[in-house]
Amino acid sequence: RGQATNSSISQKFDFNDDHLFFVSDTVGRVEEININAQGADPTYLRQTLAFETWQDIGVPASESFLMRMQVNGAFDRVGIYAEQVDELFLERYGLDPEGSLYKFVQRANLNPVFADTTTGIEKKTRLDENFADIQAVVTGLNLPTPEQRRNFVFDNFDVPDLINYIAVRAITQDADDIRKNFYLYRDTNGDREWSIFPWD
């Protein structure tokens with residue numbers, strides 16, 4: 001898994017829907033697990049501490065911890081577990097798994113994120129629907145005046161969640177999410193507000 005961070009030793013494990021993998025008492029059973037390499041962080045702490053910091057201020061963020069990896073009974077390496085953001089993640093945080101969930105990934109063009117919906121956005125839930133809801137976000141964030149854009153954000157986003165997300169992003173110096181590596185979730189059947197979740 002991953003495109004740049006030690007992708008040869010970062011791994012994703014997919015389990016059968018009818019035989020989920022038990023991770024821990026906190027996470028419970030999951031369909032998918034991600035094991036990251038340390039990337040440019042020789043301490044192995046950055047990813048886990050960043051996710052924990054988001055959790056500490058109330059932003060839904062993946063559980064993350066170090067794992068001893070073994071192959072055929074012999075030590076292989078230390079991996080960094082990162083919980084998959086999916087319906088099980090949403091349920092664990094008390095969110096409606098039937099809400100809209102989008103993952104923002106590497107864009108095929110140089111346009112900034114939220115410039116369009118033509119590339120770099122993966123729909124994770126409500127797969128029978130089109131991209132109209134996320135297109136409305138792109139349109140709203142590109143309204144002509146600052147006042148219109150500000151009103152759109154206040155009317156359509158969970159603003160405390162957004163502020164907390166941005167604060168931790170600044171503290172951890174997570175520059176990657178300018179163009180990818182975050183999730184947007186909409187409580188489609190509830191208050192219809194958007195929230196942002198960190199990733200990678």
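**A close look at α5**

A: Let's start with α5, which has 14 residues and reaches 20 Å from its first C-alpha to its last, close to the 20 Å expected at 1.5 Å a residue. That expected span is 1.5 Å times one less than the number of residues in the helix. Before going on, keep in mind that this is a predicted model, where local features need pLDDT of at least 70 and side-chain atom pairs count only at pLDDT 80 or more, while totals for chains, interfaces and linings use all residues. Residues are numbered from 1 along each chain as its sequence is written, and side-chain values use heavy atoms, with hydrogens and water left out.

Which residues of α5 are buried? They are Val159, Asp161, Leu162, Tyr165, Val168, Arg169 and Thr172. Here, buried means under 20% relative accessible area, exposed means over 50%, and partly exposed is in between (1.4 Å probe, protein chains only). What do these residues pack against? Their partners are α1 (46-56), α4 (146-156), β9 and β10. A contact means heavy atoms within 4.5 Å.

Now step off the end of the helix. α5 is followed by Gln173, whose phi is positive, near 55°, although Gln173 is not a glycine. Why point that out? Because most residues other than glycine have a negative phi. Gln173 belongs to the loop between α5 (159-172) and β9 (182-186). At 66% relative accessibility, Gln173 counts as exposed.

Arg192 sits in the loop between β9 and β10 (194-198), and its 44% relative accessibility makes it partly exposed. Asn189 is in the loop between β9 and β10 too, and is partly exposed at 48%. Not counting residues up to four places away in sequence, Asn189 touches Asp96, Glu98 and Arg126. Asn189 and Gly99 are 90 residues apart along the chain, but their C-alpha atoms are separated by 6.5 Å.

Asn130 lies in the loop between β8 (121-123) and α3 (132-141) and counts as exposed, at 53%. Leaving aside neighbours within four places in sequence, Asn130 is in contact with Tyr102 and Lys123.

Finally, zoom out. The chain has five helices and ten strands. Its radius of gyration is 18 Å, close to the 16 Å that the globule rule gives for 200 residues, so it is as compact as a globular protein of that length. That radius is taken over C-alpha atoms, and the rule is 2.2 Å times the number of residues to the power 0.38. Of the 200 residues, 43% count as buried. Among contacts with a separation of 6 or more, 54% come from residues 24 or more positions apart.

Technical notes: Helix = DSSP H or I, 4+ residues; strand = E, 2+ residues; numbered from the N terminus.
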